[in-house]
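Notebook open, and today I'm looking up charged side chains that pair up.

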Amino acid sequence: GFATRRLFWDAGGSLAALNADLATATALQADLGAATVAEAEELIAFARGVDIDDEDGDGTRLESRPWIFGDPLHSRPLPLNYGARGGYTQDNPAIYLAVASNDGYMHFIRNTTVGGAQSGQEVWGFMPRSTMGAVKTLRSNGVGAPHPYTVDGSPVAYVEDINQNGTIENGERAWLFFGLRRGGKAYYALDVTDPDAPRLMWSIEKAGAFSELGYTFSNPRVALVDSGSGSQPVLIFAGGYDLNKDARGGVGTDDSEGNAIYVVNAETGNLIWKARGGVGGSTPTVFEHADLVDSIPSAVSVADTDGNLLTDRVVVGDTGGNVWRADLSGNNPANWSLSLLARLGRHAAGSVGKADDRRFFHRPDIVQTRDSNGIFDAVLLGSGDRPDPLDVGGVTDNYFYMIKDRQTVPGSGVDSGIDHLDLGDVTSNCLQEGGPCAVDLTTGWRLGLEEVGEKSLATAVTIDGTVFFTTYIPSGGSPASACQPSEGGGRLYAVALQNAAAVINYDTATDNPDGPDEGTTSSDRFTDLNAPGIPAEVVSVPPNKILRPDLQVDSVDINTRWRTFWYIQEDSDL
């Protein structure tokens with residue numbers, strides 16, 4: 001019931017429990033868009049789940065509505081395990097679920113009771129003031145009204161279990177971070193060390209040091225860096241999305257916001273360093289690059305490339321088809337930098353319009369590996385316009401890419417000059433099938449997504465040299481009917497990291513019963529998923545399985561043993 005929901009608001013650096021009283025309604029009247037204090041009281045009651053409008057017609061307005069949970073459209077639930085505390089045990093640990101939804105809340109939900117029974121109780125819900133304006137729309141629920149976005153981002157956490165006993169105890173910390181995605185231009189941090197008593201740590205909004213911030217699509221990444229005072233937890237996120245890129249029917253243009261990358265102190269929210277578009281305004285904490293003109297909705301990929309337990313590299317793609325590399329090497333942010341790794345979209349040499357307007361909305365996968373020319377960081381990502389999955393604005397020729405970044409030493413990144421056409425075209429799979437074939441893989445490869453409208457809308461995962469990624473095909477899946485439209489369909493690809501060759505024999509119809517050529521054709525590289533709609537990414541299930549987006553579990557042929565011995569070469573005279 002509604003009595004279990006506590007409405008919080010962010011003011012004065014702390015969380016204050018609110019009741020639907022006169023003082024609360026007066027304080028929040030402007031945020032709620034209420035014409036009167038009385039209307040504000042009703043909107044607060046509605047937000048808390050009260051049946052203030054007697055929707056069930058029973059004449060009672062001081063009861064909970066039958067269903068008060070909003071849609072978690074783009075928010076991925078995050079479990080937090082507090083271990084054996086507060087009456088819980090190692091066999092029945094205190095697990096809570098953080099998930100955002102478009103009723104305006106970040107929810108915190110109890111998994112089980114102390115006795116071990118299933119719970120599902122909402123312990124608390126945090127509503128940012130910046131999302132309260134949607135409550136009136138939710139309450140009116142008008143026919144044909146646009147879907148309201150509020151808290152639509154996925155939560156991430158920093159958990160500090162100092163003694164590593166699996167229990168969050170006094171002196172240890174658990175912090176929760178989230179953005180609003182299309183719901184707004186803000187990030188929030190909650191101290192959830194005590195899961196029953198959350199505290200607002202800080203919030204970031206589009207102003208001051210964060211004036212480049214767009215809609216906060218970019219889920220923060222928690223990392224450790226040294227910015228001059230030793231290792232500390234930070235958040236790294238991109239500038240977000242500019243609604244300018246929602247325009248359809250032509251090639252995207254430069255954006256006025258979202259073209260930035262931020263590193264902030266995880267405890268205070270203070271800016272440590274940022275990269276942004278522009279020239280002439282660089283400072284010890286601000287790095288400018290003239291080519292950073294497109295918004296970056298993607299989460300970034302972070303890596304510790306030298307094994308010192310500190311993040312030193314950040315890689316991300318933008319909505320103009322560029323791929324960026326940030327170097328966070330050393331403990332002086334004045335020496336950190338941003339460089340352009342590849343131009344794969346509208347800025348690439350020879351770009352010819354909408355067909356080449358490739359955009360990136362999901363973080364790359366980074367794999368440290370080597371070829372005959374030496375070591376490199378393989379950067380793997382696919383293109384696709386997430387806000388226009390049905391290609392209403394025109395069809396783009398999308399690709400999946402493997403870029404060989406040979407500037408592997410921390411701090412060595414420079415603009416590479418790699419273009420779309422510099423990557424070897426492996427679409428035909430001639431390297432595996434045989435026949436006339438001249439593909440230069442020196443700088444990497446590009447695999448064309450050949451179905452009309454096919455696009456990559458999820459992060460890839462690489463397991464033992466096999467790259468698994470999914471694509472969406474608007475015309476795939478079940479056909480439309482009188483009762484429902486076609487949701488489209490998806491594919492699962494499994495290709496070799498080095499040359500995109502088929503790894504699994506997905507298309508047995510092409511097998512030659514008289515020859516050893518099973519699993520060597522282009523069509524062996526993918527299989528159709530058994531679920532409609534836009535597929536998520538593949539999930540690795542160690543040691544040798546994957547969970548597909550259609551919830552099928554596949555076994556994969558990978559090495560589970562590696563040589564770990566060593567020896568000393570003795571002197572030949574001994």
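Is K274 buried or exposed? K274 counts as buried, at 3% relative accessibility (buried is under 20% relative accessible area, exposed over 50%, partly exposed in between, with a 1.4 Å probe and protein chains only).

A note on what I'm reading: this is a predicted model, where local features need pLDDT of at least 70, side-chain atom pairs count only at pLDDT 80 or more, and totals for chains, interfaces and linings use all residues. Residues are numbered from 1 along each chain as its sequence is written, and side-chain values use heavy atoms, with hydrogens and water left out.

Next I looked for the partner of K274. Its side chain meets that of E212 in a salt bridge, 2.8 Å from N to O (a side-chain nitrogen of Lys or Arg within 4 Å of a carboxyl oxygen of Asp or Glu). K274 sits in strand β14 and E212 in the loop between β10 and β11, 62 residues apart (strands are DSSP runs of E, at least two residues, numbered from the N terminus). E212 is buried too, with a relative accessible area of 9%.

Then I checked K245, which forms a salt bridge with D294, closest N and O atoms 2.9 Å apart. Both K245 and D294 are buried. I also found K245 and D294 in a network of salt bridges with D254, D255 and R346.

Last pair: R343 bridges to D291 at 3.1 Å between the closest N and O atoms. R343 lies in strand β19 and D291 in the loop between β15 and β16, so this pair ties together parts 52 residues apart in sequence. R343 is partly exposed at 24%, and D291 is partly exposed at 27%.

My tally for the model is 39 salt bridges.

Note on methods:
Helices (H or I, at least four residues) and strands (E, at least two) are DSSP runs, numbered from the N terminus.
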